[in-house]
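Try each task before you read its solution.

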Amino acid sequence: MLPYLKTSREVVIIAAVAENGVIGNQGRIPWWDDVELRREDMRHFRKLTLGKSVIMGYSTFQSLGKLLPDRLNIILSRKEGLYIPGASVCSDLDSALFVGHTFHPEVCVIGGGELYREALSHATRLEITEIQGRYQGDVFFPSYKNTGEWGEVVRQPQEGFAFVTYMPRNPNV
């Protein structure tokens with residue numbers, strides 16, 4: 001754990017993940033043609049992130065097409081000199097977490113796949129929308145279910161998906 005993080009600070013990974021681990025395909029979310037699922041997932045996402053710091057990779061930012069309102073938007077990019085009006089741009093996760101925690105005790109990591117892999121070791125909670133079905137994709141969420149490191153603590157079943165909260169089984173490691 002990073003030295004500046006205290007127990008009152010959280011790193012929450014938020015993702016929608018299909019049964020086969022897919023989170024994206026060619027810059028799109030494969031199941032977003034399902035209007036009801038998209039509406040419910042976005043409502044849940046908004047509730048989890050509003051008023052907090054959100055960290056996203058540059059590709060995720062591009063796929064959104066805009067900054068998320070009422071949040072501190074932190075964009076991770078290796079492009080030197082990148083300036084995005086209204087956002088903080090960081091070149092590495094540690095810097096992004098530092099910036100996010102400077103303003104909010106809870107920082108939300110919202111994608112994409114490479115960032116999720118790197119942030120998983122820093123995470124204090126996972127908020128996963130588990131999508132029923134297998135989808136074709138080119139971006140995958142890192143393995144977490146069968147590692148023994150995460151335990152399910154809350155499941156809210158919906159039609160075709162579930163909102164699931166996972167916590168570390170041993171948070172002191």
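**Exercise 1. Find which residues are linked into a cluster by ring pairs.**

Solution. In this predicted model, the cluster consists of Y116, F141, Y144 and Y166, joined through ring pairs. Now take one of them and classify its geometry. The ring centres of F141 and Y144 are 5.4 Å apart and their planes meet at 85°; planes over 60 degrees apart count as edge-to-face, so this pair is edge-to-face. Next, check the surroundings of each partner. F141 has a relative accessible area of 7%, which is under the 20% limit, so F141 is buried. Y144 is also at 7% relative accessibility and counts as buried.

**Exercise 2. Classify the aromatic pair of F161 and F163, and decide whether each residue is buried or exposed.**

Solution. Start with the two numbers that describe the pair: 5.3 Å from centre to centre, and 70° between the planes. That makes the F161 and F163 pair edge-to-face. Then turn to accessibility: F161 has 4% and counts as buried, while F163 has 7% and is buried as well.

**Exercise 3. Work out which residues of helix α3 are buried and what they pack against.**

Solution. Helix α3 spans residues 93–103, and its buried residues are L93, A96, L97, V99, G100 and H101. These buried residues pack against strands β1 (10–18), β3 (53–57), β4 (72–76), β5 (88–90) and β6 (106–109), and against helix α4 (113–119). Now go to the start of α3, where a side-chain oxygen of D92 comes to within 3.2 Å of the backbone nitrogen of D94.

**Exercise 4. Which residues make the nonpolar surface patch?**

Solution. The patch is made by V153, V154 and M167 and has an area of about 220 Å². To place M167, look in strand β10, residues 161–168. With a relative accessible area of 31%, M167 is partly exposed.

Terms used: Residues numbered from 1 in each chain as written. Predicted model: local features only at pLDDT ≥ 70, side-chain atom pairs only at ≥ 80, totals over all residues. Heavy atoms only, no water. Phe/Tyr/Trp six-rings, centres within 6.5 Å; stacked < 30°, edge-to-face > 60°. Buried < 20%, exposed > 50% of the residue type's maximum accessible area, 1.4 Å probe, protein only. Patch = residues over 30% accessible without salt bridge, like charges linked within 9 Å, V, L, I, M, F, W, Y side chains within 5 Å. Areas by Shrake-Rupley, 256 points an atom, 1.4 Å probe, with all protein chains shown as cover. Salt bridge = Lys/Arg side-chain N within 4 Å of Asp/Glu carboxyl O. Helix = DSSP H or I, 4+ residues; strand = E, 2+ residues; numbered from the N terminus. Contact = heavy atoms within 4.5 Å. Polar contact = N/O pair within 3.5 Å; in protein donor to acceptor, adjacent residues only side chain to side chain.
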